[in-house]
Amino acid sequence: MIKSIISKIKKCTCGDKAENNKIVCGCFKVTQQDLENAIKNGANSFEEVQAITKVGTGCGRCVNGNKDLVNKLLLDKKINENQIVCGCFKVTVQDLANAIKNGANSFEEVQAITKVGTGCGNCIESNKELVAQLLAR
Ligand code: FES
Ligand code: FES
């Protein structure tokens, strides 16, 4: 009851409703929509989504599946917003995706095309992960 009132207030604007209302953590009755809302409100990692929604903090059985789901949702958001992921060279997610589309097959090859991570170097680890996610898509 309370959940349905909350979800009405939050209003779903993305994706398939039935899919979004699916419970992804039985212990706390967390739905995919709850995860999406947490990300929409600024959560930027599984741990931050977890702090907001409590997902995976009960029996722990759902942690792996929900980590994958949150990473996928975060990646979708980065792609949709075409976020800048390397401030030094204003490299966007789309630039990384285009490099891969044009044949780059590793972080080093993406780096050679886009220059991502070749400035201050602060973004290397996060972009290595991002490129690995994009290559796996
Ligand atoms: S089902 Fe998610 S913590 Fe138990
Ligand atoms: S932010 Fe990417 S190299 Fe500096």
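A crossing is right-handed if the near helix is turned clockwise from the far one by less than a right angle. I kept that in mind while going through this predicted model.

**Entry 1: H6 and H7**

I looked up how helix H6, residues 93-101, meets helix H7, residues 107-114. Their axes lie 9 Å apart, and the packing angle is about 110°. Angles of 65 to 115 degrees count as roughly perpendicular, so I put H6 and H7 down as roughly perpendicular to each other. I then noted the hand: H6 passes H7 in a right-handed crossing. From H6, the residues making the contact are Asp95, Leu96, Ala99 and Ile100. H7 supplies Val110, Ile113 and Thr114. Sorted by class, I have 5 nonpolar, 1 polar and 1 charged residues in this contact.

**Entry 2: Leu69**

Next I went to helix H5, residues 63-81, where Leu69 sits. Is Leu69 buried or exposed? Its relative accessible area is 18%, and buried means under 20%, so I logged Leu69 as buried. I checked its contacts, leaving out residues up to four places away in sequence. Leu69 touches Val24, Gln32 and Leu35. Val24 is 45 residues from Leu69 along the chain, and their C-alpha atoms are separated by 9.4 Å.

**Entry 3: Cysteines**

How many disulfides are there? I took a pair of cysteine sulfur atoms within 2.5 Å as the criterion, and the count comes to 0. I also looked up accessibility for two cysteines. Cys25 is buried, with a relative accessible area of 2%. Cys27 has 41% and is partly exposed.

Definitions and conventions: Residues are numbered from 1 along each chain as its sequence is written. Chains are lettered from A and ligands numbered from 1 in the order in which they are written. This is a predicted model: local features need pLDDT of at least 70, side-chain atom pairs count only at pLDDT 80 or more; totals for chains, interfaces and linings use all residues. Side-chain values use heavy atoms; hydrogens and water are left out. Axes are lines fitted to C-alpha atoms, for helices over the stretch in contact, and angles run from 0 to 180 degrees between N-to-C directions. Helices (H or I, at least four residues) and strands (E, at least two) are DSSP runs, numbered from the N terminus. Angles under 35 degrees count as roughly parallel, over 145 as roughly antiparallel, 65 to 115 as roughly perpendicular and the rest as oblique. Contact means heavy atoms within 4.5 Å. Ala, Val, Leu, Ile, Met, Phe, Trp, Tyr, Cys and Pro count as nonpolar, Asp, Glu, Lys and Arg as charged, and the others, Gly among them, as polar. Buried means under 20% relative accessible area, exposed over 50%, partly exposed in between (1.4 Å probe, protein chains only).
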